[in-house]
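Me: I am new to this structure and would be grateful for a close look at a single part of it. Please treat that part in one connected answer.

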Amino acid sequence: MAKDITREMAERFSRQIRELPQNKVIQNAMMKNGIKAATINNDAVVSMNHVFSHEIETGKVSNQKQSGRCWMFAALNTFTHKLNAKFRLKDFELSQNYTNFWDKFEKANYFLETMIETADEPVEGRLISWLLETPQQDGGQWDMLVALIKKYGVVPKQVMPETFNSSNSRELNSLLNAKLREDAVKLRKMHAAGQSEEELRQAKEGMLAEVYKLLAFALGEPPKTFDFEFRDTDKLFHREQNITPQAFFEKYVGFDLDNYISIINAPTSDKPYGKTYTVQYLGNVVGGKPVKYLNVDIETFKSLAVKQLKDNRSVWFGCDVAASSDRNEGIMDTGLFDLEKAFGFSFGMTKAERLDYKDSVMTHAMVLTGVNLVDGKPDRWKVENSWGEKVGKDGYFVMSDAWMDEYTYQIVIDKKYLPEELQKAWEQDPIALKPWDPMGSLAWMH
């Protein structure tokens, strides 16, 4: 057999296509409309009903616009579900720009500290190359938001609203990353010249002053205190004066963040179930809550989500949102597209193989707000997205249970829902994964 592609080989492949007249129809449909539109399975669209046996009452969906802050929107949405119900608010939002400011500031410090820590590593080595590829970005993880809230609290959206740069973050990210790479050059040169860590950190403080200025100009400065005024659904007026962001979180949100843990389903051979994991060099707040996961089988994974939903509490989750999904229909389903029937060959990797071979990772975070149970087993799930009301059904998606099995990787669960053996498993010291492990991916999709 030839090593190279020959003309005879290409002609043979072409003849195989022309042998079946219907292939021309399929080809024309795909060329005209695109692969997904030409292969969409209308039976799947019909079966993905936006009705659920267990649903949490929620409101208008939020909109992250052209930014990768889905993880942040999803987490804040889980807080506002409780806040809206408790204080009889309608469509209230917490400020995503407030947490965005502190996240970017903390990520800048985290990156610069990492550059000091790894100053002896070769710049052409895999670690430094990995770190320099994206010094900071919009994406994140649940534990990273917990670290921010514990340090900075939260504020209402009215107090620190969106700006052009928070909603359209590409320009800011590009500029900030260029600045951080420049600072990395300076720090590594100082280290090579024999200057001490203390001298490097003194230089770092000046660098952070520049980062703060860049963020303040682009995003606005976060408030230290503010007045919280609102009128509830009973038309009663309320005012809280001169409250801090930390005190606001404690009084009005009131989540005990230490009780919420990240459960993952990563069925790869290097990650046994019942073990905990962390990822090297993944974080935002230096000294803050480290990223930590407990890996479980998919049936346990789903049962925990169902328990929390049945208790009328929404579930933050991370998934590969682009896989077998349609954002206009608001459907995520493994049977949504008839690709195998159209092409005549399979697309059949397992979940573990997709992770191992770089075909799938967590790209997006959303919120589970409902589930449809049939004889006690889920067949579809209700999903609150953060892409505005013009996608899906008023911004809400429906996810098949089969899609949950294949493309959902992480949920955040109150520890009280875990059986005793998993609560004990959670207390284990985590196994440290390499920075480029698929479980180190950040939710960023928009």
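Reply: F347 is partly exposed, because its relative accessible area is 49%, and partly exposed denotes values between buried (under 20%) and exposed (over 50%), with a 1.4 Å probe and protein chains only. This is a predicted model, in which local features need pLDDT of at least 70, side-chain atom pairs count only at pLDDT 80 or more, and totals for chains, interfaces and linings use all residues. Residues are numbered from 1 along each chain as its sequence is written, and side-chain values use heavy atoms, with hydrogens and water left out.

F347 belongs to the loop between α14 (339-343) and α15 (351-356); helices are DSSP runs of H or I with at least four residues, strands are runs of E with at least two, and both are numbered from the N terminus. Together with I35, F343 and F345, F347 forms a nonpolar patch on the surface, with about 400 Å² of accessible area in total. Accessible areas come from the Shrake-Rupley method with a 1.4 Å probe; for residues, only the protein chains shown count as cover.

Beyond α15, the loop between α15 and β10 (364-374) holds K358. K358 is exposed, with a relative accessible area of 62%, and its phi is positive, near 65°, in a residue other than glycine. Most residues other than glycine have a negative phi.

Methods
Patch = residues over 30% accessible without salt bridge, like charges linked within 9 Å, V, L, I, M, F, W, Y side chains within 5 Å. Salt bridge = Lys/Arg side-chain N within 4 Å of Asp/Glu carboxyl O.
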